[in-house]
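Work through the exercises below with the model open. Try each task before reading its solution.

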Amino acid sequence: MVRYSSLPFRHLVKLYKCDLMFTHMMLSDCFSKAQSARDADFQHCKTDRPLIAQFAASDPEYFAAAARLISPYVDGVDLNCGCPQRWAIKEGIGACMCTNPKLISRIVSRCRQVNPELPVSVKIRILETIEDTVALAQAIEQAGAAFISVHGRTIKERNVIPHFDYVQAIKNNVKIPVIHNGGVYSPDDLEPALQKTGADGVMCAQGLLNNPALFAGYTETPLQCVQDWVNIAITYGTTFITFKHHLVFMLENVLPKHEKKIFNNLSTIAAVLDYLDNNFDIRYQNKLPT
């Protein structure tokens with residue numbers, strides 16, 4: 001989740017039974033070259049674990065260097081070969097790399113050489129055929145990956161039912177853990193995804209943005225979760241844009257249409273807090289929830 005899976009949001013989802021957290025996708029070349037990029041991209045604390053740092057990379061040396069720099073603060077690094085955004089494809093990173101398993105393998109192998117104690121995982125999208133998709137996963141396994149996350153859609157597909165059979169085929173043909181990603185928007189989607197794929201776990205992005213308490217079994221964002229976000233975000237000094245964007249997602253199924261218009265027009269943290277106080281009895285409590 002580019003720019004959304006920051007420290008405050010990770011703190012929130014951990015409260016609601018998220019077992020393993022990922023950072024947003026960072027650029028390994030920028031991260032390895034500049035302290036300013038590292039400061040802007042990565043904030044952490046002692047309780048921000050277990051945590052995987054996710055990087056986009058097309059160069060083995062930059063990925064290995066970024067992994068080495070961040071290794072004291074995380075439990076693993078992940079190579080993002082699943083991002084379908086146009087800017088990423090133009091840069092030769094993200095999902096377009098899935099057609100180049102040799103490059104992915106070189107990146108994973110080099111990172112393992114430089115950082116032998118640090119687990120490396122890879123997130124991919126499926127290819128056009130099951131055979132090619134399985135071959136990609138097997139190449140990643142052979143390169144030394146600790147696990148693989150599979151978004152069950154191709155680079156061109158959006159908002160369609162994931163191809164669970166592709167994920168199942170990968171699970172049946174590799175020995176490392178396989179994590180399913182895609183099509184999980186409510187607690188009711190979790191068990192069917194596991195049953196259809198045989199995966200070892202489920203990764204969720206958009207579903208968690210809309211409902212950070214999804215893994216705790218809530219069908220929509222509970223107001224206590226909104227209260228927790230207010231306390232966490234303001235205590236951490238979250239920017240107004242990020243603070244409000246998360247609330248827009250969380251309140252999507254809570255606010256009626258006319259109230260959404262009112263909320264969307266709020267332009268300061270103070271105005272948002274007044275709205276939450278007046279409508280939900282939610283106010284900043286000057287403490288971090290645990």
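**Exercise 1. Which residues of helix H9 (residues 190-197) are buried?**

The model is predicted: local features need pLDDT of at least 70, side-chain atom pairs count only at pLDDT 80 or more, and totals for chains, interfaces and linings use all residues. Residues are numbered from 1 along each chain as its sequence is written, and side-chain values use heavy atoms, with hydrogens and water left out.

- Step 1. Take buried as under 20% relative accessible area, exposed as over 50% and partly exposed as in between (1.4 Å probe, protein chains only). Helices (H or I, at least four residues) and strands (E, at least two) are DSSP runs, numbered from the N terminus.
- Step 2. Leu190, Ala193 and Thr197 of H9 are buried.
- Step 3. Viewed down the axis of H9, the buried residues fall within an arc of 70 degrees, so they line one face of the helix. The arc is that of the directions from the helix axis to the C-beta atoms.
- Step 4. These buried residues of H9 pack against helix H8 (164-173), strand E7 (178-181) and strand E8 (201-203). Contact means heavy atoms within 4.5 Å.

**Exercise 2. Describe how helix H11 (residues 223-236) meets helix H14 (residues 269-280).**

- Step 1. The axes of H11 and H14 come within 12 Å and cross at roughly 155 degrees. That makes H11 roughly antiparallel to H14, a label for angles over 145 degrees, while under 35 counts as roughly parallel, 65 to 115 as roughly perpendicular and the rest as oblique. Axes are lines fitted to C-alpha atoms, for helices over the stretch in contact, and angles run from 0 to 180 degrees between N-to-C directions.
- Step 2. Leu223, Val226, Val230 and Ile234 in H11 meet Ile269, Leu273, Leu276 and Phe280 in H14.
- Step 3. The residues of this contact divide into eight nonpolar, no polar and no charged. Ala, Val, Leu, Ile, Met, Phe, Trp, Tyr, Cys and Pro count as nonpolar, Asp, Glu, Lys and Arg as charged, and the others, Gly among them, as polar.

**Exercise 3. Is isoleucine 126 buried or exposed?**

- Step 1. Isoleucine 126 lies in the loop between strand E5 (120-125) and helix H7 (130-142).
- Step 2. Its relative accessible area is 3%, so isoleucine 126 is buried.
- Step 3. Beyond neighbours within four places in sequence, the contacts of isoleucine 126 include Thr133, Val150, His163 and Tyr166.
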